[in-house]
Amino acid sequence: MRLVYSLLFVVAFALLFTSSIKKHSKFYYSIATAIAGITIAYEIYKLITDTKLQGFIGALEKAFMKGNVSIGFLILVMFAGALYPKWKITKKLLSIRAEAAILSCILLIPHCVMYFVGFIMHIDQILSYKPLPILYISYVIIGLIAFIIMIPLFITSFKKVRAKMTNKEWKKLQRWAYPFYFLTYVHIVIALLNDDKVDMMKLGIYTVLFVGYFILKLIKISNSKKKKHIGAM
Ligand code: HEM
């Protein structure tokens with residue numbers, strides 16, 4: 001349910017505060033940075049003291065640490081580019097697409113940094129396991145590749161950086177978003193399948209969202225190709 005609540009929260013937040021996010025983007029980036037900082041600080045504290053947060057605060061921390069809230073913003077960015085552009089909801093999402101992408105990236109930092117540090121710290125143990133935990137190693141490496149692809153996408157989402165690029169350069173770079181989305185989905189699916197008890201609801205939600213996105217995007221691309229073809233006749 002943590003995933004469902006995170007997604008509902010992000011959608012409601014983005015739709016209710018669209019103009020505020022647009023106008024006061026720096027304020028929201030600061031809040032996201034503070035949340036990311038607190039999550040990292042708590043995860044380090046947890047490693048040292050082995051204490052666990054309970055109840056609502058514990059669930060909230062997990063929603064940020066496990067990337068659930070971040071994925072919520074990423075889904076908005078994805079669907080803004082795939083839904084019918086004349087719909088009111090698409091226009092709203094498009095108006096804060098860059099801001100949602102930046103918030104998603106900031107909130108994902110604790111997830112990537114802390115899990116990767118954990119992986120490196122235990123690399124000797126992981127490699128000496130028999131049989132080798134292939135699934136675990138694969139999804140961490142896939143996540144790392146996705147994270148590396150995300151960095152230039154993140155930096156060029158800032159208006160000041162984008163303004164220094166030509167439209168063609170920016171669009172060419174942004175095409176890397178597709179392999180990023182794909183690797184993210186593969187990373188999540190393998191991570192979920194690696195659990196002792198596979199959470200079918202989570203797997204279903206992520207699959208509907210990501211596969212749904214790719215289908216909508218393909219329909220949109222094919223429609224715009226058809227329009228261009230008709231225009232050229
Ligand atoms: C250095 C890069 C990354 C590492 C080391 C990493 C590590 C992990 C680990 C260890 C899990 C399993 C967590 C668990 O079951 O407790 C996981 C799951 C997940 N990862 Fe990553 N990840 C990385 C990059 C990413 C990226 C780029 C995204 C998204 C854009 C992402 C989104 C997720 C999500 C949504 C889950 C499933 C969480 C859930 O709903 O239970 N990760 N990742």
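A: Start with residues 200-219: their end C-alpha atoms lie 27 Å apart, and the span is 100% helix and 0% strand. Helices here are DSSP runs of H or I with at least four residues, strands are runs of E with at least two, and both are numbered from the N terminus. Bear in mind that this is a predicted model, where local features need pLDDT of at least 70, side-chain atom pairs count only at pLDDT 80 or more, and totals for chains, interfaces and linings use all residues. Numbering runs from 1 along each chain as its sequence is written.

Zooming out, the protein has 13 helices and 0 strands.

Now for the inside. The largest nonpolar core has 38 residues, and Phe73, Leu76, Val77, Ala100, Leu103, Ile106 and Leu107 touch the most other members. Such a core is a set of buried Ala, Val, Leu, Ile, Met, Phe, Trp, Tyr and Cys residues joined through C-beta atoms within 7 Å. Buried means 20 or more other C-beta atoms within 10 Å of a residue's own, exposed means 12 or fewer, and partly exposed is in between, with C-beta atoms placed from the backbone. Helix H13 (200-232) gives two or more residues to this core, and so do helix H1 (2-16), helix H3 (25-49), helix H4 (55-65), H5, H7, H9 and H12. H5 makes the largest share, 9 residues. Setting aside neighbours within four places in sequence, Leu76 is in contact with Val10, Ala14, Leu93 and Ala100; contact here means C-beta atoms, placed from the backbone, within 7 Å.

Several of those helices turn up again at the ligand. Helix H5 (68-80), helix H7 (97-121), helix H9 (134-155) and helix H12 (177-193) each supply at least two residues of the shell. Of the 23 residues around the ligand, Gly67, Cys112, Tyr115, Gly143 and Ala191 come nearest, where being near takes a C-beta atom, placed from the backbone, within 6 Å. The shell splits into 15 nonpolar, 6 polar and 2 charged residues. For that tally Ala, Val, Leu, Ile, Met, Phe, Trp, Tyr, Cys and Pro are nonpolar, Asp, Glu, Lys and Arg are charged, and the others, Gly among them, are polar.

Ile188 counts as buried because it has 21 C-beta neighbours inside 10 Å. Its C-alpha atom is 7.6 Å from that of Tyr139, 49 residues away along the chain.

Lys130 and Pro131 are joined by a cis peptide bond, with omega about -5°, and Pro131 sits in the loop between helix H8 (123-128) and H9. In the loop between H3 and H4 you'll find Asp50, a residue other than glycine with a positive phi, near 60°. Asp50 has 7 C-beta neighbours inside 10 Å, so it counts as exposed.

Key:
Contact = placed C-beta atoms within 7 Å.
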